[in-house]
Amino acid sequence: MLKNLFRPKWQHSNPTVRIQALETLDEAQDKDRAILLSVALEDKDPQVQLAAYKRINSLDALKEIWKKSQNESIKMQVLEQLFQRLPDSERSVLVSQLVKSVEQDADQHKLVDFLIEHPVMEVAEVLLPKITEMDALTTVVQKVRKSEIQLQALAAIDDEAALKLLTKTVNQKSVLQVIRNRLKSAREEQQKNDEAQQKALHVCEAMEKLAAAEFDSQYQSRQKGLEVQWQALDETTQAPFLERYQNALKTSNDSIEAHQTEQEKLQGLLKTQGEARRLIQTITDWVEELKHNPVKDETDFGRCYHLFSSQWDELNTQNDLPSLIAEQFVVLMERLSRMEKSLLAIEQGAVSSEHLSNWKKQIERTPHSELNDIKAQVKDAVKTVNWPQEFAKPLWVLHAAELISEIDQRFKKEQQKARKKREYLEKKTRHLKGHINQRNLVAANKMMNYLRNELDELEGKDKNYIESLLNKAEESLAELRDWHNFATQPKKDELCLAMEALIESKMEPLALAERIQQLRDEWRGLQSSNADTDNEQWERFKAASDKAFEPCLAFYRQRDEVRATNLSLRHKMCDDLEALVRNMDWDNADWKNIAQIEKTAKKEWGDLKPVPQNEHKSSQQRFNSVIKTLRQKLDQERDANLTLRKELVEKASKLPALEDNRKAIEQAQALQSEWSSLGMTYFKAHKEQWELFKASIDQVYDKRNSERKAFKQGLTDNADALKQVVASIDKLAGLEDSELAKSYKDFESLQSEVDLSKALPRNEEKKLRQTYERSCQKYLERFQGIEGRKQNAQRTVVFAAEQLCIDAETAFEKGELKLDDVKQQLTELDALPDHLQKVFGRRLEALEQLTEALLTQTHQQNFERLSTLAIEAEVATHVETPEAWKPQRMAYQLEHLQQGGLQASAKPQDILSKVEQQWFEVGFVKTADRLQMQERIAQCRNALYS
């Protein structure tokens with residue numbers, strides 16, 4: 001006891017006293033730093049050594065401790081601190097010194113033990129490459145408590161058994177997950193290797209099977225496919241089966257080579273037979289062509305005929321051709337031989353175009369009674385040539401047939417004409433008898449003269465028959481003439497007087513001409529067959545008629561000028577139209593303009609009236625001819641366009657049946673464009689075809705409209721379904737926490753109902769997807785915040801309990817504490833956890849034992865405890881410590897270096913939670929001081945959670 005009175009307290013025999021004495025030393029003083037270093041190295045109590053070490057901050061002192069200390073725990077803490085504080089160059093030297101003693105050691109387990117004792121990443125980077133034994137690497141992963149080192153060692157382990165063992169012995173989740181991934185990859189790799197080996201075996205067996213099989217059309221392609229599969233394998237996979245594969249491949253190649261040799265032998269014979277068949281096919285095609293197209297050049301035909309014969313002879317001498325092929329050739333050549341004979345007859349002059357031309361001219365100018373000779377000549381020529389009926393007839397044969405037909409038609413027409421003429425004259429003879437019986441001399445005279453003139457057109461018995469009828473009628477007509485001459489003389493005198501009275505008449509020209517014509521008609525009605533008796537009266541009547549008609553001549557002369565002008569204009573119109581027809585480029589004609597020209601010409605032609613009567617028929621025929629030509633051209637164009645429109649209608653009718661409606665619409669649009677580009681056609685036919693065309697096109701567009709409607713409805717249904725899911729998720733997000741905690745499966749079920757690949761309305765798509773994502777995010781935030789809200793609610797209760805204690809401590813200071821009331825209020829906080837109930841209960845019970853004398857000491861101790869907790873929180877959350885407390889922070893860091901190293905992987909929020917738990921246990925502290933510490937804790941929380 002006495003010796004303790006005369007030596008420093010840091011040398012006191014009581015370790016507690018020595019520790020308390022160390023707290024009074026200042027490392028900034030050289031003397032104190034030396035004492036702290038000495039105690040850290042030499043003191044017999046590990047706790048005293050640790051207390052001294054925590055007071056040391058100098059790097060040199062720390063290096064000294066690391067070199068000389070026998071306390072391994074302190075050495076590890078010092079080492080951790082040195083690695084944190086030393087620059088890179090010094091840290092490298094430190095690593096070299098550290099591993100120098102073991103890096104040459106062949107025993108890898110000693111290296112592992114060293115690494116376990118020194119779990120520093122820099123050390124691991126040096127030693128791990130030297131550790132190659134699998135059990136040594138496994139030990140590193142199992143025992144080193146630093147995940148970075150574990151993962152680096154794990155990267156060198158590829159043994160599946162070792163990885164399986166580690167899954168049972170490693171507890172750290174991140175490392176365990178890597179091990180499981182490595183195992184999965186190893187299994188997949190092994191499975192891949194097994195599959196490759198199985199595939200190599202399959203290819204080898206398939207090649208052997210192919211080598212043993214008979215050759216067929218697919219033999220080479222199967223071999224090629226197996227070769228491609230084999231080449232796709234790597235050499236390692238091929239190795240076990242390489243010899244088997246090569247042997248099978250050689251056998252297969254031998255089979256292919258033998259087959260090729262056999263094929264080459266047959267090739268010559270097949271080639272010859274093929275050429276013979278091609279020759280026969282060529283001749284067959286030629287024969288078929290000659291059936292439909294006549295020979296154009298007799299010389300070419302003969303050359304081809306003899307060329308085919310020579311080619312056949314050459315082929316037949318090289319090889320014995322099958323009898324069937326030979327028979328086909330003989331049949332074909334016999335057919336061509338008949339044509340050759342016919343062509344030879346033509347060439348020898350049996351018939352020619354000159355013959356045909358002469359016969360044509362003779363037929364046109366020869367009376368029908370002499371046409372039989374020409375017909376016989378034509379038939380003899382056709383018989384001499386004897387053209388084969390199976391082949392297309394040349395033009396001369398067709399023309400000869402036309403000539404014979406034309407002659408026959410001539411005979412037939414002449415016979416019909418003679419029959420009709422006889423019947424007509426016979427009918428007119430009956431009319432003549434009628435006029436005689438009715439005593440109509442004028443009509444009877446006219447009819448008799450007419451029949452006598454027409455009688456010359458008949459021949460033979462027809463002429464004799466009609467002439468006998470006329471002779472009988474002549475006797476009756478002579479009696480009528482005698483009677484008529486006696487009865488008409490007084491009437492003619494009256495007509496002369498009437499005509500003479502018109503000479504001085506003031507009648508209009510047309511009315512006068514009409515009256516003159518009326519008197520003339522009456523005169524003609526009184527004429528008799530005796531011209532001599534009529535001459536005197538006729539001269540008087542005619543002179544009066546000519547004199548009376550003079551005023552009409554001027555009128556008719558002027559009308560003739562109008563007719564001549566109209567006729568001239570009509571001729572001019574015909575000239576223009578004929579020039580148009582003659583000069584028009586009909587391939588590029590403006591058909592609408594031509595149709596308008598035709599329409600306008602018809603109207604203008606009708607306006608050009610009257611014309612001279614004798615020119616009316618010829619001009620009208622000329623106009624009709626050119627208009628007919630125009631109409632024919634227009635009709636050809638209309639017919640061509642109508643045909644094209646019908647083709648478009650046919651194409652359009654097939655569009656509704658196409659499965660790809662988009663393609664159908666494209667084709668429909670093309671057809672519509674093509675339809676609009678077509679020219680004119682017949683109005684009624686155009687309307688009919690347009691209705692058919694439009695009906696087909698409408699079906700295509702109706703189908704598209706239906707698809708669009710269905711598509712839009714699908715979009716709407718997808719949008720409605722997504723909106724319902726969003727509403728359901730929003731409803732889940734609005735649940736109370738107790739119900740919300742049970743709703744995650746419902747949320748996952750709703751998510752599974754959503755297929756975001758489905759199309760949505762374009763104007764809503766972005767908004768709907770964003771709404772869905774926000775709803776999911778909102779739910780997840782609410783769900784994930786359950787624990788936080790629960791903790792916040794709990795923290796509120798805890799803070800309320802703490803405030804009760806603070807208020808009680810303040811009341812204790814003032815002498816106003818009613819402890820029972822406070823305890824009662826504390827027990828009423830139902831949500832306060834039981835262990836905190838006990839913590840705050842002990843804090844209140846401590847007030848019962850607190851006295852005035854202990855008040856200051858208790859305040860100081862508790863205040864220092866709060867400051868230590870505040871510094872611990874600031875270190876964990878990297879918050880700046882107030883300037884006045886920085887020395888304490890440094891001391892804390894030195895003192896808790898080991899714990900800090902152990903807590904390096906701990907989460908800041910866990911440390912802060914631990915600090916807050918300890919905070920609540922600290923009792924009486926003056927209000928101002930507690931508030932100061934509370935602000936520092938609040939800053940740490942804000943820094944961590946803001």
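Author: A nonpolar core is a set of buried Ala, Val, Leu, Ile, Met, Phe, Trp, Tyr and Cys residues joined through side-chain atoms within 4.5 Å. Buried means under 20% relative accessible area, exposed over 50%, and partly exposed in between, with a 1.4 Å probe and protein chains only. The model is predicted: local features need pLDDT of at least 70, side-chain atom pairs count only at pLDDT 80 or more, and totals for chains, interfaces and linings use all residues. Residues are numbered from 1 along each chain as its sequence is written, and side-chain values use heavy atoms, with hydrogens and water left out.

Reader: How many residues are in the largest nonpolar core?

Author: Those with the most contacts inside this core are Leu826, Leu832, Phe840, Leu844, Trp919, Phe920 and Met933. Elements giving two or more residues to the core are α34 (786–814), α35 (819–827), α36 (834–849), α37 (852–877), α40 and α41. A second, separate core has 23 residues, including Trp286 and Trp387. The largest core has 37 residues.

Reader: How many helices and strands does the chain have?

Author: Both are DSSP runs, numbered from the N terminus: helices are H or I with at least four residues, strands are E with at least two. Of the 946 residues of the chain, 36% count as buried. The count is 41 helices and zero strands.

Reader: Are α40 and α41 roughly parallel or roughly antiparallel?

Author: Axes are lines fitted to C-alpha atoms, for helices over the stretch in contact, and angles run from 0 to 180 degrees between N-to-C directions. Angles under 35 degrees count as roughly parallel, over 145 as roughly antiparallel, 65 to 115 as roughly perpendicular and the rest as oblique. The axes of α40 (residues 908–921) and α41 (residues 927–945) come within 11 Å and cross at roughly 160°. The two helices are therefore roughly antiparallel.

Reader: Which residues does Met933 touch beyond its neighbours within four places in sequence?

Author: Contact means heavy atoms within 4.5 Å. Met933 of α41 takes part in the contact with α40, as does Trp919 on the α40 side. Leaving aside those sequence neighbours, the partners of Met933 are Phe863, Leu866, Ser867, Ala870, Trp885 and Trp919.

Reader: How do the axes of α28 and α30 lie, roughly parallel or roughly antiparallel?

Author: The axes of α28 and α30 (residues 683–733) come within 8 Å and cross at roughly 20°. Leu642, Leu648 and Val649 of α28 are among the contact residues, and α30 gives residues including Leu692, Phe693 and Ile697. That angle makes α28 and α30 roughly parallel.

Reader: Is Asp462 buried or exposed?

Author: Asp462 lies in helix α23 (residues 460–487). Not counting residues up to four places away in sequence, Asp462 touches Ala418 and Arg422. The relative accessible area of Asp462 is 16%, so this residue is buried.

Reader: Which residues does a cis peptide bond join?

Author: Most residues other than glycine have a negative phi, and most peptide bonds are trans. Pro610 is found in the loop between α27 (591–607) and α28 (613–654). With omega at about 0°, the cis bond joins Lys609 and Pro610.

Reader: What is the phi of His878?

Author: His878 sits in the loop between α37 and α38 (886–895). At 70% relative accessibility, His878 counts as exposed. Phi is positive here, in a residue other than glycine, and its value is near 60°.
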